[in-house]
Amino acid sequence: MLSIKNIHANIAGKEILKGINLDIKAGEVHAIMGPNGSGKSTLASVLAGREEFEVTEGEVEFAGKDLLELSTEDRAREGLFLAFQYPVEIPGVSTTNFIKAAVNEKRKYLGQEPLDAVSFLKKMKEKMALVEIDQSLLSRSINEGFSGGEKKRNEVFQMAMLEPKLAIMDETDSGLDIDALRIVANGINKLRSPERSILLITHYQRLLDYIQPDYVHVLYKGRIVRSGQKELALELEEKGYDFITDEVDLSLGL
Amino acid sequence: MESTAYFKDQFEQLQQTGPQGTIAGLRKEGFEDFNGRGLPSFRDEEWKYTNISTLFQQEYNLDGEAGIEPSELDAIRLPGHEQANELVFVNGIFKAEYSCIRSGANELIVMPLQQAAEGEYKTLVETHLNQSAAYIKDGLQALNTALIYGGLFIHVLKKQEPVQVYVYHILEAAAGPVLAQPRSLIYADKGAQLQLTESYTTIGNADSLNNQVMEVVVEENAYVEYYKLQNDNSNASQVSTSHIRQIGRSYVHTVSIALNGGMVRNNMNLVLDAEGNESHMYGLYLLKGKTHVDNHTLIDNRKPNCFSNQLYKGIADDSATAVFNGRIMVQPDAQKTNAYQANKNILRSDLATINAKPQLEIFADDVKCSHGCTVGQLDEEALFYLRARGISKEKAEVMLLQAFAADILVQIKPKALREHAEKLIDKHLSL
């Protein structure tokens, strides 16, 4: 599904990613963990096509396509979804119209007819129930005045509507209380399928109590320094990042 | 070189052939005023950003006799016209034969200005016509006055619900450049309600210039909504003065939408000349190509306890120019005034220009006034968010621009007009 080979990326001339390698197969859930400033969100931004980041080396294949050659919108239409760490408030644009435009632009790209009003509403209802989001939120402007939990729930709802092949959840757990976290995680779990891959980016292990990953990777100083299975996350929770980062720093002679 | 000599011929002809009296007297004052002032130049502070004299390098046809085909009028009728009173100006002359008064005589009276000045409205016309001259001291206002001919008088009486008036300004420029100078006086009687909408259409490819003066008098307990839709072709220029005086405690709500045009100058004045007035003034300008729109607004608070709220928003793309000059005066008597002003701009191109000039002049000491002005760009984070959901860059930009315009559009209260404006804007933005 996604194959990242030796990606290096800069922002404003500073190298943040220093050779990332990662393979995610269909249906797998991977978690990327790491201390603040390790490059987690940069990786998400590079994959989604944020223009401030310059990829200086390496390649990314997504569903058989050269991802880095595609525009941000074409990446989304090919089935890549980024759940934002900080979803943007856009006053004046109704959430429903926005999602309808997104769904239909994707369908157009894939050579499908646009959804008619009735089918669209039916799909909305179905997905709203799935991720436990209220109609009243969707009739408002995008994320305007939403609480932190409502914003994250809206991200998961958009994911449900767009049915991506790969969903990158960028710190979806940040800023959530325990109830909101449970609802959001339940939503994501319901969207797991053998065809859909998920990349969870998180600082804390607690999200992984709700969403069991197949693999866990530790990102530090722009590289993946340790990979393992879900037990690695528990070990990190217990010992902190230090037990890995000290070792890495030592090997780098720092 | 500016050419203005032919205005003298026109003035003399009007004075010799037309009836004497109030209007002729005003024309004479106007012509002397015009001679004294000449055309505004960019050296005048009020015309600093709009070099209007360039429009007078050619001679215009002043012919007010041009006619139109009924199909040409049908093509520009606004939605909801079946219920509205439709008033038509062709080349600045009010044309009763194309107009349609649907309200009864106890609700709305429409007549030529000359007739009003000679008959039962003589005192009213003498009292209120050309009050704008005290506020707009420039040669173009004077020129309109100097050549008043074919003007319109409207007396609004209906109280139960607003009387709808659509005014179509048609400029017939197929035969050559045309200058129109429509003049109108609208009197909203005590307790009367009015929804007034103006639109502008130039037919033909030559240049047109509409030098318009409209004066509105709003009596006690009257309610006036005023909408202005400027979406003419790129050769169509305008100097459009709307001078609204609230002489009794009343409510006025204006929305001015400018999309396409040549050089457009709007003077929108609200004079709050009675205690307890409430006024709302909104504007939207979405400019592309070489369109130049200068919104000059004035809210003059003359009496205590008045409230005014003003919001103007605009976008300049390509090599378009937008000017916002928003002046609020609070006179010494106008204690307890609440006056708010905001102006928000988006600059979309390196060649586009926005000149924003808020002015507050406060001579009373117990008032609440605020103003704010911003010039920015489209929110890059919002654009990325939309694109990350598969929406193309172009469409995402249009969505954000529509959202920017939305809080002005909601101020157009009649649904049919609002939807019409939304459609015009969607089309304008996606071209």
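This is a predicted model: local features need pLDDT of at least 70, side-chain atom pairs count only at pLDDT 80 or more; totals for chains, interfaces and linings use all residues.

**Contacts of chain B**

Reply: Between chain B and chain A there are 12 residue pairs in polar contact, both residues being at pLDDT 80 or more. The elements of chain B that give two or more residues to the side touching chain A are α7 (380–387) and α8 (393–409). The largest share, 6 residues, comes from α7(B).

Me: Why is the pairing of B:R389 with A:E155 called a salt bridge?

Reply: The side chains of B:R389 and A:E155 meet at 2.7 Å, N to O. A salt bridge requires a side-chain nitrogen of Lys or Arg within 4 Å of a carboxyl oxygen of Asp or Glu, so the pair qualifies. The count between chain B and chain A is 4 salt bridges.

Me: What makes up the area buried between chain B and chain A?

Reply: The two chains bury about 2,000 Å² between them, with 63% on carbon and sulfur atoms. B:F384, B:Y385 and B:R389 supply 40% of the area that chain B buries against chain A, more than any other three residues.

Me: How many salt bridges and polar contacts are there between domain 1 and domain 2 of chain B?

Reply: Between domain 1 and domain 2 of chain B the count is 0 salt bridges. On the side of domain 1 that touches domain 2, the classes are 10 nonpolar, 6 polar and 1 charged residues.

Notes. Residues are numbered from 1 along each chain as its sequence is written. Chains are lettered from A and ligands numbered from 1 in the order in which they are written. Side-chain values use heavy atoms; hydrogens and water are left out. Ala, Val, Leu, Ile, Met, Phe, Trp, Tyr, Cys and Pro count as nonpolar, Asp, Glu, Lys and Arg as charged, and the others, Gly among them, as polar. Buried area is the accessible area (1.4 Å probe) that two parts lose on being put together, summed over both. A polar contact is a pair of N or O atoms within 3.5 Å; within protein, one must be able to donate a hydrogen and the other to accept it, and residues adjacent in sequence count only if both atoms are side-chain atoms. Helices (H or I, at least four residues) and strands (E, at least two) are DSSP runs, numbered from the N terminus.
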